[in-house]
Amino acid sequence: MKNYLYDITLKPFFFKLSPEDAHDLSKNLLSFADAMPGVFSILQEMFTYRSKRLEVNAFGIQFPNPLGMAAGFDKTGELYPFLARLGFGHVEVGTITGEEQPGNPKPRLFRYEEAESLVNRMGFNNPGALKAKKTIVSQKKTIPRGINAGKTKLVEPEHAVFDYTKTISELAPLSDYGVINISSPNTPGLRDFQELGAMKELVEGIRKELGGEFPIPMLIKFAPDLEEDQLRVLLDAALELRLDGVILTNTTIDKAKLQTKRQIETGGISGKALKDLSTQRIRTAYEHLQGRLPIIGVGGIFSGEDALEKILAGASLVQIYTGYIYKGPFLPFQILEYLDKFLQKNKVDKIERLVGMEKNFMRN
């Protein structure tokens, strides 16, 4: 019923606008609601589902629930105060680069409604580390905040260590965990850091520049387009490098995954077209890691069933983005309600007990 209300009211209006214009309008509406006394308190109660069964402890951080907003939605840090009150258990800000950059020319974000997917070639448009810090520093942190760090496009690969270090050093004091993003397809050469030697050199270089240790738990984000053997090698490297977790996955560049008769734009594909591929990478990673590193699962989550599938495959936490655009602001409540009812039905006291347990539970 809640989705139906969104589908017949706000969604048709938003979807008449370009995706970026719709996003900007959403931000303005949230700011307007926040300025009206009592309005956001009502919204928070409508959108928030609470249950002790859904609490998760991962890489030393306590999360009120396993569902987060993925990087890419809040590219500036401005939306954290709103998203933190709309049912999420964490918000990942970014991607933030060392230097401010406008991203790629518009249009750069495209809806494929028939496939409930998006194609983006945003190119890490963001205010840069210093401006992002000015935005974030005045905010009250109420749920865990992640900071997703990427490479500035104009920075040469040999100077990438210093670019990532700038973002992490400036924003780590304001964050609960950090992410080294080497998997976006929209910054030339970025995925080259998924080569074993380059990844090790990058991570070790950042750690050295930060004084020998990361100031907060540090994760790394991989692409779904890695072959499974490649992924296993990089997971072993993540263990060797003493990283705290992995995020699977970023967007795919495999156009065959997007079932459409329309021309497919160049960029990363997210949404339902990505769902099965990202889940398979999570499954492979969990089987290989055997619990040695937590996994954040992201890609194509549109329902509680989708979120459960990724948790059973091995994700300790999950994130949404494209599903939120298509299904609307009630999606977090619906996902968490479904997960909690599943726990109750199966007499499981904690969501953490479902991680990697798909052999014990029929997949939904």
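Strand β5 (residues 109-112) is joined to β6 by 4 bridges, and the two run antiparallel. Strands count as paired if DSSP finds at least two bridges between them; strands (E, at least two residues) and helices (H or I, at least four) are DSSP runs, numbered from the N terminus. Within this pair, Tyr 112 stands opposite Ser 117 in β6. The hairpin of β5 and β6 has 4 residues between the strands, and Glu 116 takes a positive phi near 45° there.

The model is predicted: local features need pLDDT of at least 70, side-chain atom pairs count only at pLDDT 80 or more, and totals for chains, interfaces and linings use all residues. Residues are numbered from 1 along each chain as its sequence is written, and side-chain values use heavy atoms, with hydrogens and water left out.

From β6, Ser 117 and Val 119 point one way while Leu 118 and Asn 120 point the other way, and all are buried. Here buried means under 20% relative accessible area and exposed over 50%, with partly exposed in between (1.4 Å probe, protein chains only). β6 also pairs with β11, in the antiparallel sense and over 4 bridges. In that pairing, Asn 120 stands opposite Gly 268 in β11.

Rolling a probe the size of a water molecule over the atoms shows where empty space is left. On a 1 Å grid over the protein atoms alone, a cavity is a set of points where a 1.4 Å probe fits but cannot get out, whereas a pocket is an open set with protein on both sides within 12 Å along at least five of seven lines; lining residues have an atom within 4 Å of a point. Grid points are joined across faces, edges and corners, and a volume is the space filled by probe spheres set on the points.

The structure holds 1 cavity of 30 Å³ or more. The largest cavity has a volume of about 420 Å³. Its lining has 33 residues, and Ala 71, Asn 120, Asn 250, Thr 251 and Tyr 321 lie nearest the centre. The elements that give two or more residues to this lining are β4, β6 (117-120), β11 (268-271), β13 (317-320) and α12 (322-327). By class, the lining of the largest cavity divides into 12 nonpolar, 19 polar and 2 charged residues. Ala, Val, Leu, Ile, Met, Phe, Trp, Tyr, Cys and Pro count as nonpolar, Asp, Glu, Lys and Arg as charged, and the others, Gly among them, as polar.

Strand β4 (residues 90-97), one of the elements in that lining, is mostly covered, with 8 of its 8 residues buried. β4 pairs with strand β3 (residues 67-69) in the parallel sense over 2 bridges, and Met 69 stands opposite Val 91 in β4. β4 and β7 are joined by 6 bridges and run parallel; Ile 96 stands opposite Ala 149 in β7.

Asn 148 lies in β7 (residues 145-150) and is buried, with a relative accessible area of 0%. Contact means heavy atoms within 4.5 Å. Leaving aside neighbours within four places in sequence, the contacts of Asn 148 include Ala 71, Val 93, Thr 95, Asn 181 and Lys 221.

Next come the pockets. The largest pocket has a volume of about 930 Å³ and is lined by 41 residues, with Ala 22, His 23, Ser 26, Lys 27 and Phe 73 nearest its centre. α3 gives the most to this lining, with 10 residues. Among the elements that each supply at least two residues are α4, β5 and α12. The lining of the largest pocket divides into 25 nonpolar, 8 polar and 8 charged residues.

Helix α4 (residues 39-47) has Phe 40, Leu 43 and Phe 47 as its buried residues. They lie on the same side of α4 because they cover an arc of only 55° around the axis, the arc being that of the directions from the helix axis to the C-beta atoms. Ile 42 and Glu 45, on the other side of α4, are exposed. The buried residues of α4 pack against α3 (19-35), α5 (80-83) and α13 (331-345).
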